[in-house]
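The following paragraphs lead through a structure chain by chain, and then turn to its core and to the contact between its chains.

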Amino acid sequence: MELFARAALHLTLLLVFAPLLSGVIARTKALFAGRTGAPLLQPYFDLARLLRKESVFSRTTTWVFLAGPVAGVAVPVLAALLMPFGALPAPFAFTGDLLLFVYLFGVARFFTVAAALDTGSSFEGMGGAREVTFACLAEPTVLFCLIVLARIADSLSLSALLGPHLAAAWRTPAGLSLGLVVVCLLVVLLVENSRIPFDDPNTHLELTMVHEVMVLDHSGPPFALVLYGAALKLMVLGAPIVRLLLPVATGHWAGDALLFLAGMLLLAVLIGIVESVIARLRLVRIPQVLIGTTLLSGFALVLVLR
Amino acid sequence: MAELSNLCLLLVILVNFFTLGSARLGACIHAVALQGAVLALLPLATHGLNGHTLLLAAGALALKGALIPWLLLRAIREVRIRREMEPLIGFVPTLVLGALATAGAFIFADRLPLIEAHQGGLFIPTSLATLFTGFLLLVSRRKALTQVVGYLVLENGIYIFGILLAEAMPLMVEAGVLLDLLVAVFVMGIVLDQINREFSTLDTEQLSALKD
């Protein structure tokens with residue numbers, strides 16, 4: 001029963017509050033640009049509107065085309081069950097679940113790209129190629145960061161990696177590595193969620209799109225699933241960063257949940273600020289930046305290994 | 001104070017990576033200025049506040065953090081160049097080489113027969129890594145200005161080594177080194193000017209071709 005309650009709390013936090021983060025990001029960007037901006041709950045209205053519409057399917061598409069959005073929602077939900085939200089421990093934890101966590105997102109990416117290829121549009125194929133290239137370059141960074149955390153925690157389970165020892169670890173020499181890990185994870189968060197400076201979630205300019213181009217053909221409820229899946233992914237991937245920066249526990253589950261949500265909202269504001277002050281990188285520069293973060297995370301590993 | 005100096009040394013290494021990966025000359029010069037300013041903090045962080053360390057810090061801050069970067073920024077404004085073109089070894093390979101060298105410096109420093117106090121610290125590996133970064137910049141870039149930046153980074157590496165000996169090193173020695181550095185940058189400035197006048201570019205490739 002205990003397990004059931006924890007899983008329910010985890011999923012409620014994730015499913016209810018994830019779209020709010022996109023609203024906060026959009027609002028922060030609007031304030032920076034001097035506009036009032038859309039209401040904070042706009043992503044919820046958008047989802048409701050899309051769900052009421054009917055969808056149009058191209059005649060060339062098959063069931064694969066629908067598998068993309070479905071996997072895009074299912075994977076973050078599954079991954080969330082392995083990831084502690086702030087001081088709330090994950091409902092499921094076992095040795096080596098960090099690898100499952102990383103490659104669950106690989107499954108989602110495979111289905112998104114497959115759905116894009118299924119439309120038969122060469123343009124969407126190009127978007128898929130870019131997405132996979134960037135993912136390849138971001139993956140070593142994630143793994144290096146997780147190895148650093150595993151070394152500090154001396155464990156191979158995400159719940160232990162992001163456990164209560166982090167508060168003490170910041171004050172030891174390993175704190176330097178933790179700082180580097182936070183920076184690297186932040187870059188990966190921006191890449192994986194196709195945010196500026198790596199990709200612009202709002203652009204519909206043909207040659208600059210990366211992620212957005214793959215979902216051009218989705219409409220109605222499947223497109224709502226795509227948007228919802230992106231919001232869930234942002235929350236699940238942001239959770240470790242919030243935990244690393246706020247390694248405190250209040251002792252009560254409600255307090256912990258509130259603290260986690262406050263941390264996530266601050267992270268969303270931070271992403272909004274980053275998107276407002278940094279210009280989008282040229283496509284050829286992105287691999288350089290990603291290789292740079294890989295080296296940085298590798299350096300963090302050298303620091304904890306010596 | 002050990003934490004402050006560790007943080008400074010980490011910043012120095014991050015600046016190393018940045019100068020290796022960045023194509024914009026202005027950003028590189030600013031980064032080296034930041035590195036110089038951070039290095040000025042180091043003697044205070046390791047040996048405490050006294051007249052000797054204060055003078056060391058003030059000298060480093062004035063020269064490495066302000067005067068030389070100002071001269072270089074003025075130079076790029078005069079010759080109107082903004083970016084390094086594709087270097088002899090590309091940006092990503094030099095970045096990878098720099099990271100490998102940094103990792104190597106850490107492994108090498110752990111094997112060195114150091115005195116107890118310096119064992120396991122960040123000073124020696126950072127100094128070796130910075131030396132190598134400066135060396136890489138010197139050999140891999142085409143623009144003469146970036147090579148000057150490389151020379152500055154190389155000197156910063158030596159300076160980090162010197163800080164460990166700051167107690168034993170008379171102030172005159174450090175003042176002499178800083179003066180040397182300034183004179184060297186002046187001389188390089190004159191050479192840059194000559195290269196620019198002769199070829200109307202700062203590309204040192206021109207120098208390796210013989211005139212017919």
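Helices and strands are here taken as DSSP runs, with at least four residues of H or I for a helix and at least two of E for a strand, numbered from the N terminus. The model under discussion is predicted. On that definition, chain A has eleven helices and zero strands. Read from the N terminus, its elements therefore follow the order α-α-α-α-α-α-α-α-α-α-α. The radius of gyration of chain A is 19 Å, close to the 19 Å given by the globule rule for 306 residues, so chain A is as compact as a globular protein of that length.

Further values describe how chain A is packed. Along the principal axes, its C-alpha atoms occupy a box of roughly 55 × 45 × 45 Å. Buried residues account for 47% of the 306 residues in chain A. Among the contacts of chain A with a separation of 6 or more, 78% are between residues 24 or more positions apart.

The box filled by the C-alpha atoms of chain B, taken along the principal axes, is roughly 60 × 35 × 30 Å. Of the 212 residues in chain B, 42% are buried. Contacts between residues at least 24 apart make up 74% of those in chain B that join residues at least 6 apart in sequence.

The interior comes next. In soluble globular proteins, nonpolar side chains tend to be buried together. The largest nonpolar core holds 149 residues, of which Leu21(A), Met83(A), Val181(A) and Met235(A) touch the most other members. Helix H9 of chain A, residues 220-245, gives the most to this core, with 17 residues. Leaving aside residues up to four places away in sequence, Met235(A) touches Leu14(A), Ala18(A), Leu21(A) and Met264(A).

Which residues form the contact between the two chains, and how many does each chain supply? Chain A contributes eleven residues and chain B contributes 13 residues. On the side of chain A that touches chain B, helix H11 (residues 285-305) gives the most, with eight residues. The residues of that side comprise seven nonpolar, three polar and one charged.

Methods. Residues are numbered from 1 along each chain as its sequence is written. Chains are lettered from A and ligands numbered from 1 in the order in which they are written. This is a predicted model: local features need pLDDT of at least 70, side-chain atom pairs count only at pLDDT 80 or more; totals for chains, interfaces and linings use all residues. The radius of gyration is taken over C-alpha atoms; the globule rule is 2.2 Å times the number of residues to the power 0.38. A residue is buried if 20 or more other C-beta atoms lie within 10 Å of its own, exposed if 12 or fewer, and partly exposed in between; C-beta atoms are placed from the backbone. Two residues are in contact if their C-beta atoms, placed from the backbone, lie within 7 Å. A nonpolar core is a set of buried Ala, Val, Leu, Ile, Met, Phe, Trp, Tyr and Cys residues joined through C-beta atoms within 7 Å. Ala, Val, Leu, Ile, Met, Phe, Trp, Tyr, Cys and Pro count as nonpolar, Asp, Glu, Lys and Arg as charged, and the others, Gly among them, as polar.
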